[in-house]
Amino acid sequence: MAHSARRDSPELPDLSLLKRLARDQLIYLLEQLPGKKDLFIESDLMSPLDRIANVSTLKQHEVDKLYKVEHKPIVSISDQICFLIRPRIQTVKWICDVVNADKAAGKFRRYKIIFTPQKFYACEAVLEEQGVFGDVTTDEWAFYLLPLDEDIISLELPEFFRDNFLAGDQRWVRTAASALHLLHSLFGPFSKVYGIGRCSKMTYESWREQVEQGEQKARHAEIGNVFLIDRDVDFITPLCSQVVYEGLVDDIFRIKCGCVEFGPEVTSSDKSLKVMLNSQDKVFNEIRNEHFSNVFGFLSQKARNLQTAYDKRRGMDIQQMKTFVSEELKGLKQEHRLLSLHISASESIMKKKTKQDFQELLKTEHCLLEGFEIRECISFIEEHINRQVSMIESLRLLCLLSVTENGLLPKDFKSLKAQYLQSYGADHLLTFSNLKQLGLLVEQQPGETLTVMESKVGKLVNDRTAGKLTDAFSSLAKKSHFRALSRKLNLVPKSDEEYDLRVPRDMAYIFSGAYVPLSCKIIEQVLERDGWTGLEEVTRLINGHEFAVTGADPQSKSDAQRIILVMFLGGCTFSEISALRFLGKEKGYKFIVVTTAITNSSRLLEALLDNNV
Amino acid sequence: MTQLNQQVFSMETEAGPFCLSSLATVTKERRLSGRRKSGLKAARSANGSGSVRFVLRIHTGRTDRQRVSTTTPRSPAHPEAVTSNSGRKTEEQRQVNKMMKSKADEEDYWNSSKYNAFTFDDADDELSALKETKKAVNSIGPLLAEDDEEDWERVSWSGEPVGSISWSVKEMAASNQRADREPAFPKISTETPSLSKSQSGISLSSLFKGKPKGGNLQTFNDVLGDSSLRLYTPELRKPKSEYKDLVSDWSAEETVQRLQQGKGVTLEKFRSLQDKLLLLDLAVAAHDGNAITAVLIYLKRTLCKDVLFRELESRQTALRHFIHYLTESREQRLLLELLRALGRTEEAALLQYKDYKNIADENKRRDFLKSCLSLQFGGEDGNHVQDHYTLLERQIIIEAADRKAEREGKQEVFQKFPRKASILNMPLITTLYYCCFYHYNEPEGTFSSPLNVRQTFKISEKQYFTTALAARAKLKNWADVDAMFNSRNWLGFSKKKSPLSFQRVVDILQKNSAPTRVLQEYVGLVSDAELRIGLAQKHKCHDIVINTYRDMKDRQQLAEYRKKVERGSAEERKIDELLSNQQIRWKN
């Protein structure tokens, strides 16, 4: 991609080990219940499970039938039932109902609950309350880490975000710490840990305790440094529309556990197709980090190369042809398929984006990031709401407005909220309450100094003008944290320069050159400075909780020091991953991203709607 | 913070006593293992984190990992990829330039901004380029014809091959539906032993003594009739220090630590308020939500509400855990009591209001909403709830009347455009749209009149206009649409006016598939010339484009546009006339 890319990037450690670990542990747990059994799987565990095992693995260990947990009476006739679930009170309540129903019917079975990644006391309390404690055995499957690609690991815990940041429940802190501990035991010892955010700090503390309690064998480190970052340090980035290929595919088709389902409009047949998107897909691997505008060019070039490769076979003699067929043909055919698939996907993306006035939407986003023509942005958002265009999209723009402007003016807030409720339903009162609690969508509080100024000026002019002045003053006085951060860290590149997206010069390329993602910029700065020195103003604006600690003696020259594990607590986007890959190439690092889940604007906001509790 | 900075975490790298066996041997062992073996493992895994450590030990062996890495193919080294990339660059650049060129003359917002990079708008050119590429790819060699599904599968990216777990569960669901239909008396298992009932009594009294340990295994073993298993119960395998558990003389610190590790504890001995709070504070200090909730459940059981609430008030972290716990376990009443005791009436009001979602019957729901009006909401929320109530009340009336009208078939509009869904519980704007669609011309006095709806809910002019426009356009009632813009000044001249920008008007009309002649009228009213040309080109309103270029005296653009209109069409003739017109003073 970039010319300045360094060629001595270190090799990544082999993460597939994590899959084998998880699989072996699951098999071992299944064997704890000898004999034939039916297995009930929580629906959001199915895709992760698919990545590490398949039906025949389960069958080998005497799993008879597989069911999805559906909170309905069960139809299984097996006398042994195993439940593979997340530790959720409502799921456990359902299991209790199943057990009690069996008891009432005089039916005897053996039950086992496997909680993953861990069990909670609150769940066991339910078992006790419902009178089935002891009838059901429980176990834990410490399946913390699912490698989605050679440089992405997911905890597959989307609820981490809501539980931790909205509800303030720290139940997953230890989980995150245990995940880190596992990585430390396999690929450590780490020599440096940096972090920012409250949850990061707690995770670090909890991990440190586990390290102290456990034993560590001296070994050669494969991952040198770790960076922990809370999602609430940067809400701006996940609220922006993604325009890098992988992010765009996620925004539009929703990548689930590294796999995307392309509908008939892409496959141009009547059935949809599930496709794994990772570095094994050679075509995808080359375009995933590219700005969408480069993707067409790349694909057509690729098509031409392919044609040339096919053409080679003209004029071959039999022997050459034989070699061609046995050595090259298969690869070419595969590439051919991948190519047509990604071309169709791009085509479909173009159609969808054109339909929804993506152009205008991006313009509004960029203006908000730049702090330019805010009035126009507000009226765009207002019209968006008035026309009842996508509920989530409207909410996203409102939040982006609030976070970049440090809150909405009271009268804007009042009017936009009222219109939002009129367009999308009064029940969004609860959504607004959640967004307020999280600080994503708030009303500006008039500053005190301002009031003094106002009253002084107010005496000089009549009432109506005073009202207008208030507006003027508050827009002057509001010192948005984001604006200050943006200036400090140079997040919005100078507007008079052209930005060539084909030759990205910084991480801003992932947002068309309009904005460098805050989260990645912080990581870059801290790594460059080897700590937080000089970033005091930045951390103050972000609300602190930063740390940088040194542990094991760094084997200074080793490659491991240039392998950096970045752990996003609360989720990260594909765009951020692309930005880090870019940064890695520039500076000769390799990043491994560990995230509680892959997120994007829709997932982030959907988690805050109030229809799931 | 500073404290933390100074703190240096120590990671002892001393080699602990390891009883490592390689992964391979463990797997083999597992396969060979009979029940006795698995009993042993049960013992290990039963102590929570112990199971993690167990696995870790197995895998820290270096040789093991190397073996794994050799079996997984790595992607080619990156340096090579980089060079080939840059080699390709010029070619790629040329290609992109070509694709972008035709766009250069199109107006787009980027011109006014710096990001003159890429647009999604007017994707036609790119789309067609893409289509060409696609065609090219599809036409490459007849080899594709030889493709077969199997090959497709073999490349292994068709996500859910037969045999995957998701697939299998889906199959099972399908077969269940079949089974559902069969008369389903519960099958009575012959082997149901009568002791099943009594066994539920084995459940140990104390929750936090909890862990399956002896209790559960025993249940199991009895059933299995394999008493040898009992030899391997966890207690026997544990180091001596852990026996203390049984006599429950753990200190508060130790108890919290055990909670964190997921081990069994007894909290019953913490009886004084002081002890209980100490336990809670220690759990909070450990940042472990699971432990905090565990202590809270105990406190909830052993403290009266007044005391518990009082103590939680000064412990925000614990309080948030408690609120979340009550929310999750759906203990609404206690939660409300708590919020009220804390003076958080606004939250309590919202929580109560939220309950309407559980009421399906519309009349009951309306009555419930009415009862919510007296709650103390914060800010404007009270008004919003009032609106919600008023709206539902009105929807119920409209729904009843319209359902009747539809059934009787007297009103044409319901025959021509049958209602797709009931209007109940729809948002206000959807209701307004509905009223504009079915009840547009009703006098203001009726409940379903759009004007009345607008009045009652204080809908802004712009919002009303937008909705009415969309509804009438959907009906293709262009006369109504036209009438919406008419206003007369005091001299009686009519002039088209709109609270919405004409650009947006065109957009709405176009989305409702208005014909070109209708669109043209409104495109012509867009005041900004650049914008007007853009829209006119997009919607193929040639006259407007031509006239605008003429007015702008832009000969070059006009000549360029000539290429885009149909050969021999009236538009082409018009352009030719203009271009040859000597009287126009072209600027270029």
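This is a predicted model: local features need pLDDT of at least 70, side-chain atom pairs count only at pLDDT 80 or more; totals for chains, interfaces and linings use all residues.
A helix here is a DSSP run of H or I, at least four residues long, and helices are numbered from the N terminus. Keep that in mind as we go.

Let's start with a single residue in chain A. A:Lys201 sits in helix H8 of chain A, which covers residues 198-213. Is A:Lys201 buried or exposed? Its relative accessibility is 16%. Buried means under 20%, so A:Lys201 counts as buried. Now pick out A:Pro158. Along the chain, A:Pro158 and A:Lys201 are 43 residues apart. Between their C-alpha atoms there are 20 Å.

Next, the sheet in chain A. It is open, and it has seven strands. Read across it and the order is E6-E7-E14-E13-E9-E8-E12. The pairing is mixed. Which strands stand at the edges? They are E6, residues 146-149, and E12, residues 546-550, both of chain A. Each has a single partner strand, so one side of each is left without a neighbour in the sheet. From one strand to the next, the twist averages 20°.

Let me zoom in on one pairing. Strand E7 of chain A, residues 152-154, runs parallel to strand E14 of chain A, residues 590-595. How many bridges join E7 to E14? Three. For A:Ile152, the bridge partner in E14(A) is A:Val593.

Over to chain B. It has 588 residues, and 44% of them count as buried. What is it built from? Chain B has 33 helices and two strands. Now take its contacts between residues at least 6 apart in sequence. Of those, 49% join residues at least 24 apart.

H21 of chain B spans residues 362-372, and H22 of chain B spans residues 381-408. Their axes lie 9 Å apart, and they pack at an angle of about 155°. That makes H21(B) roughly antiparallel to H22(B). The crossing of the two is left-handed.

Which residues meet there? From H21(B) come B:Glu362, B:Asn363, B:Arg365, B:Arg366, B:Leu369, B:Lys370 and B:Cys372. From H22(B) come B:Val385, B:His388, B:Tyr389, B:Leu392, B:Glu393 and B:Ile396. Sort the contact by class, and you get six nonpolar, two polar and five charged residues.

To recap: a buried lysine, A:Lys201; an open seven-stranded sheet in chain A; and a left-handed crossing of H21(B) and H22(B).

Methods. Residues are numbered from 1 along each chain as its sequence is written. Chains are lettered from A and ligands numbered from 1 in the order in which they are written. Side-chain values use heavy atoms; hydrogens and water are left out. Two strands pair if DSSP finds at least two bridges between them. Axes are lines fitted to C-alpha atoms, for helices over the stretch in contact, and angles run from 0 to 180 degrees between N-to-C directions. Buried means under 20% relative accessible area, exposed over 50%, partly exposed in between (1.4 Å probe, protein chains only). Angles under 35 degrees count as roughly parallel, over 145 as roughly antiparallel, 65 to 115 as roughly perpendicular and the rest as oblique. A crossing is left-handed if the near helix is turned anticlockwise from the far one by less than a right angle, and right-handed if clockwise. Contact means heavy atoms within 4.5 Å. Ala, Val, Leu, Ile, Met, Phe, Trp, Tyr, Cys and Pro count as nonpolar, Asp, Glu, Lys and Arg as charged, and the others, Gly among them, as polar.
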